[in-house]
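Take a look at the structure below. We will walk through it one part at a time.

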Amino acid sequence: MRKKMVSVLLCTAMTASMLGAGALMVHAESVELNVVTTFAGEDSNSKNYQEGLAGWQEATGNTVNDNSATSDETFKTTVVSDFEMDAEPDVLFFFTGADANSFVEAGKVVSIEDIRAEYPDYAANIDDAKIPTSMVDGKAYAVPTNGYWEAMFVNKTVLEDCGVAMPDENYTWDQFMADCAVIKEKGYAPVAAALGNIPHYWWEYSIFNNQTDLAAHPTVPEADAADAWVNGMEDVKAMYEAGCFPENTLSATDDETFQLFTQDKAAFLLDGSWKVGGIVGACQSDPEDPSTLDTEALDRFDVTFVPSKNDVRKASDLIGGFSMGYYITAKAWEDPEKKDAAVDFVNYMTSDDMILKFAQHSASPLKEAPEADTSVMNSLQIKAIDFGAKVTSYTPAVQDNFQGECRVPTFDGMPNIVTGEVSAADAVAEGFAIYAESAE
Amino acid sequence: MKKKKKIPPGTVLIYGVLTMWAVTTIYPIVWVVLNSFKAKDKIIVDSFSLPLGDLFTTANYKMAFDRLGIFTAYRNSLIISCSVAAAVILMAGMASFGLVRYQFKLRGTLMSLVVAGMMFPVFSTIIPVYQMQSRMGITASNSLFLNLLCVILPQIAGNLSFAIVVLTGYIKSLPIELEEAAYMEGSNAFQTFFKVVVPLTKPSFATVAIFSFLWSYNDLFTQMFFLRNKKYWAITRLMQMLTSKEGTNYGLMASTVSLVVIPVILVYIFLQKYIIKGMTAGAVKG
Amino acid sequence: MGANIYKNKKQLVFFLLPAFLFMIVYLYYPFFMNIINSFEKIGRLGTAPKGWNDPWYLNYVNMVTDKNMHTAMINTLIMMAVTIVGQVGIAIVLAILVDNIGRGARFFRTVYFFPIVISATALGLLFNLIFLYNKGMINQLMERLGATELMDWKAKGIALVTMMIPVMWQYVGFYFVILVTGLNNISEDLYEVASIDGATRWQRVRYITIPLLRNVMCTCAVLAVTGALKVFDLPWVMFPKGMPQGSTFLTGTYMYYHTIEAMNVDYGSAIAVVIVVLGIVTSKVVNAIFKEADY
């Protein structure tokens, strides 16, 4: 009995390893690239990415070993620990903020400058001003495909019922607070947000709104120059006290408050350009089939500017930019067999045509961006493109550079701030103290 | 005609209590299955009604089946979870027997170690395990066998403690007389274990096997770390891919949950029928 | 107890070696690393340590004054009490009842198993819909019964109750299966003899079932208290980050929070060490109680 089991195991092991070896032999002549991206699952670009992969493999005869997965904390952990274990992929599509610090510091990815020294055409169609740089050394490493913005989505059904006008590019904070009071009076929640779960968007804009210099916003300030941060937190507290958020904003999840918005129970939603897909999905009864879209329902949604508090920031100055891109790892770069293929792959995936597909309604990083094809788009996407054209500036989010533990006092601590259990100044100071310690 | 037997009130009460609890356990499953046939936007508005007429759709299943090989994933899951369950009951059974029946100095310490092993959160052990397996050279290979092995090995270890805790409890309850009789007839410890103890505690082994199978089957975190390529994905990993990003696609979620849950229920019913003592046993007592 | 027939220590090594070898490599060694990690400075999971904490036991000192840790400990203690009384208690009653009926026993045994099979994510979603503020099953029901205001079941005062009910419900089935298996191990002959002697149903339960089930009940109690220390998935899905305001943290969810969400791996490791120490202590206590309370 025992012997039999051992022999069965051995046989399985042998066949398995032979099969493995066989698979390697077949591709011995062409190059096999290991690629990891976040274009997977329900990501709106996962289909475009798969088409791109197929196209490149067919055109070059190379193969891609694609290990893409949806971006979440587990995924980020696997990427970072792969670098630690020298098991990183050849090409990686990943974040450019603090998430990338560990492998940039370790010199495990190649800068665009170094690549261009040997391949002058690398990412030549991309506007250099739009290529994000690393926090570590200020160098550019990743080639972006599409940008993002954060703005205010609007439920017009609720606004019209309250007699509130659609906010425009001159929307001010006072107007906004007055509108919220009117909306609340009518029995709606003015702003759909779960402060206990995802305070990120209000956190970012409240700080942004109190800056005296827009360009300084993405940099974490010195602890004694953090007025914008403290005042920002105070603004969120004022909103909470004025009843701008849903009753259960401290105990609800983001999904719950998002549903308030799509079900005509809340007027405003501050969120990212990726939420367009979520709103469209909410108006579609079959998730896969765009023909089941309730276009009338979708027409009730729009996107607009974020109220401004001072003269420095106009309502049309948004948080946004490019925060992800394709990295080529040092491992692929130093492998003469893979070097060409990796460069070619990134060039293919960031060609004009591809970027047009990937950017959809968000910003494109191209030097000369052609007109987007609106015939294949839904009404909210078209509105988003028109809206994008009126945006006066994009500023990167400071929260991408202010990560991990430092966020805890003001992100997870937001409920304590708005309920007055912790003062805004103390919470901000605590975050900076952790930031200073981790920056050592 | 036989006259209907009078049912004692105690029995009525017993059935009443049992049925009440049964309702709470059956309803969620029914709820998930019913909602898997509804469009995702209807689930929130109308989650407690039947999927009839306009409400009915198979779109959720279509999507789950369209998006790459669900059957490959089932196969991978079965290989992983069956190997884990088999290895766990064999090793844990032997260890439990040793811990219960032998008197030795280190016994208390070893039992504490076993309990401790049950407490280790997987989040705190995964990185060293990952580094170790990388050094062993079995991660990120192109072989199905090695990829699955990467998941199987840590999962075996993860389930051993629980299995030993439960099996020692069962073996302790076993009257020693039968083993003594076997000893008198000249059987050695291994023979006693395999020919006397294992058959007597068969239901216990089945129970432990079921739980090991189940936890291995549902353990997403380890799968996320080691099964990177779609070819090697197990069913839970596939489900995660389908339902990730914007956790609001409840329809798809309900259909994938149904697809994940139903095989396990079938396995359980199968084991109930063939391994665990069935109705006849209960009837004798009643 | 029967020690005279099992004396050969070589055989013992053979019985113990495979399991413990596995656990040393895959559990004890990684956890040893975890203990070391709890003295280091580590940010995101998977990154290399940035040196030692100063003083090296800093995390353990911080834990003493950490308000969330206090909440987590208190909640976990409540959870232990609830699991012992609620989960194991209900499971014992159900198991003995099922053992005493003829028709339908297998049906009940099967359906009581259901809650353990459904993944925590799906269960969390289900209970979220039941307790949904606007407007889940319960709030719809209350409205029909005449309530005028919506009840926020996840608000600070009541959140803990809302969290514990589903957790309790889910694990009853787990202990039920373990106990029913224990009952199946009890020989039929004993019951038959007792019946012939004229024992009533209750007497059979009191003098045969419960004493013979003692070891298994002890196992369940150990599993319950240690389970309360590490329970994670269902509470996390329903109340991410200990919402609202950290009032629903348990030791398990708090450990996860620091390791994955707050990217403070060293502190998470320290919590893991505390969880393991508490697990060993409580299981010893449970064992001692069961040893003394002889029937």
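This is a predicted model: local features need pLDDT of at least 70, side-chain atom pairs count only at pLDDT 80 or more; totals for chains, interfaces and linings use all residues.

Begin in chain A, with a sheet. Strands of a sheet pair through backbone hydrogen bonds, either parallel or antiparallel. In chain A, four strands build an open sheet. Read across it and the order is β2-β1-β3-β9, with mixed pairing. Which strands sit at the edges? They are β2 (63–66) and β9 (324–328) of chain A, and each pairs on one side only. From one strand to the next, the twist averages 25 degrees.

Now zoom in on one pair. Strand β1 of chain A covers residues 32–36. It runs parallel to β2(A), and four bridges join the two. Find V35(A), then look for its bridge partner in β2(A): that partner is D66(A).

Helix α14 of chain A, residues 336–349, lies across β1, β3 (91–95) and β9 of chain A. Its direction makes an angle of about 160 degrees with β9(A).

Move on to chain B. Its domain assignment gives domain 1 (9–62) and domain 2 (68–245). How many Å separate the centres of domain 1 and domain 2 of chain B? Taken over C-alpha atoms, the separation is 33 Å.

Next, see where chain B meets chain C. Helix α6 of chain B (residues 122–136) packs against helix α1 of chain C (residues 9–37). The axes are 8 Å apart, and the packing angle is about 105 degrees. Angles of 65 to 115 degrees count as roughly perpendicular, so α6(B) and α1(C) are roughly perpendicular to each other. Which residues make the contact? From α6(B) come S124(B), T125(B), P128(B) and V129(B). From α1(C) come Y26(C), L27(C), Y29(C), P30(C), F31(C), M33(C) and N34(C). By class, this contact has eight nonpolar residues, three polar ones and no charged ones.

Finally, turn to chains A and C. Their contact takes 25 residues from chain A and 23 residues from chain C. On the chain A side, the elements that give two or more residues are α3 (73–84), α10 (254–262) and α17 (414–418). The largest share comes from α3(A), which gives five residues.

Technical notes: Residues are numbered from 1 along each chain as its sequence is written. Chains are lettered from A and ligands numbered from 1 in the order in which they are written. Axes are lines fitted to C-alpha atoms, for helices over the stretch in contact, and angles run from 0 to 180 degrees between N-to-C directions. Angles under 35 degrees count as roughly parallel, over 145 as roughly antiparallel, 65 to 115 as roughly perpendicular and the rest as oblique. Two residues are in contact if their C-beta atoms, placed from the backbone, lie within 7 Å. Ala, Val, Leu, Ile, Met, Phe, Trp, Tyr, Cys and Pro count as nonpolar, Asp, Glu, Lys and Arg as charged, and the others, Gly among them, as polar. Domain bounds come from an automatic or database domain assignment. Two strands pair if DSSP finds at least two bridges between them.
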